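Please consult the sequence and the structure as shown here.

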Amino acid sequence: IGAVCIYDHILGQDWRKDKVVADGLAWLDKNWSVTENMGPPESGKGHPQAYLLYYLYAVERTGMLYDSEHIGAHKWYDEGAVYLLGSQGGNGAWKISTGKVGDTVDTCFAILFLKRATRPMVASGTGRSK
């Protein structure tokens, strides 16, 4: 979704009117989770927490590039932040993802999500683009 939004922006097209973006957002809304990676199962051998915090960072990029507080019926940032803050370790780090992902990588993706690190492509009235 984020990549198509960027591509449309480069072409000077309105990504909010792009069927591919709309279909991607509809899929994400239907399969919504902040506790499981809903991406392709082959990337994590079917484990729901494989690359979970990378997935949440992808959700952040989608929300910021689409310039929306919602993905379907979900307030993506609020739901993700509640989950992340509740799962932070006592030492300040995160280690949620399964596989070869270490706590440094997970922590970096958690911070990127919480910081809303992706800049919107256009100024918005929400104040996030400052």
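A pocket is defined on a 1 Å grid over the protein atoms alone as an open set of points where a 1.4 Å probe fits, with protein on both sides within 12 Å along at least five of seven lines; lining residues have an atom within 4 Å of a point. Grid points are joined across faces, edges and corners, and a volume is the space filled by probe spheres set on the points. The model is predicted: local features need pLDDT of at least 70 and side-chain atom pairs count only at pLDDT 80 or more, whereas totals for chains, interfaces and linings use all residues. Residues are numbered from 1 along each chain as its sequence is written, and side-chain values use heavy atoms, with hydrogens and water left out.

**Fold**
- The chain comprises 5 helices and 2 strands, taken as DSSP runs (helices H or I, at least four residues; strands E, at least two) numbered from the N terminus.
- Along the sequence, these elements follow the pattern α-α-α-β-β-α-α.
- Of the 130 residues in the chain, 40% are buried (under 20% relative accessible area, 1.4 Å probe, protein chains only).

**Largest pocket**
- The volume of the largest pocket is about 340 Å³.
- Its lining has 17 residues, and those closest to the pocket centre are L28, Y55, A58, V59 and T62.
- At least two lining residues come from each of α1 (2-11), α2 (19-30) and α3 (52-66); α3 has the largest share, with 6 residues.

**Aromatic and charge–ring contacts**
- The whole structure contains 5 aromatic pairs, meaning Phe, Tyr or Trp rings (for Trp, the six-membered ring) with centres within 6.5 Å; planes under 30 degrees apart count as stacked, over 60 as edge-to-face and the rest as tilted.
- W76 and Y77 have ring centres 5.8 Å apart and planes at 90°, so this pair is edge-to-face; both residues are buried.
- The charged end of R116 sits over the ring of Y77, 3.9 Å from its centre (NZ of Lys or CZ of Arg within 6 Å of the ring centre and within 35 degrees of the ring normal).
- R16 likewise has its charged end over the ring of Y66, 5.5 Å from the ring centre.
- Y54, Y57 and F109 make up one aromatic cluster.

**Nonpolar core**
- The largest nonpolar core has 27 residues, and W76 is among those with the most contacts inside it, as are W32, L53, L56, I71, Y83 and L84.
- Such a core is a set of buried Ala, Val, Leu, Ile, Met, Phe, Trp, Tyr and Cys residues joined through side-chain atoms within 4.5 Å.
- α3 contributes the most to this core, with 9 residues.

Definitions and conventions
Buried < 20%, exposed > 50% of the residue type's maximum accessible area, 1.4 Å probe, protein only.
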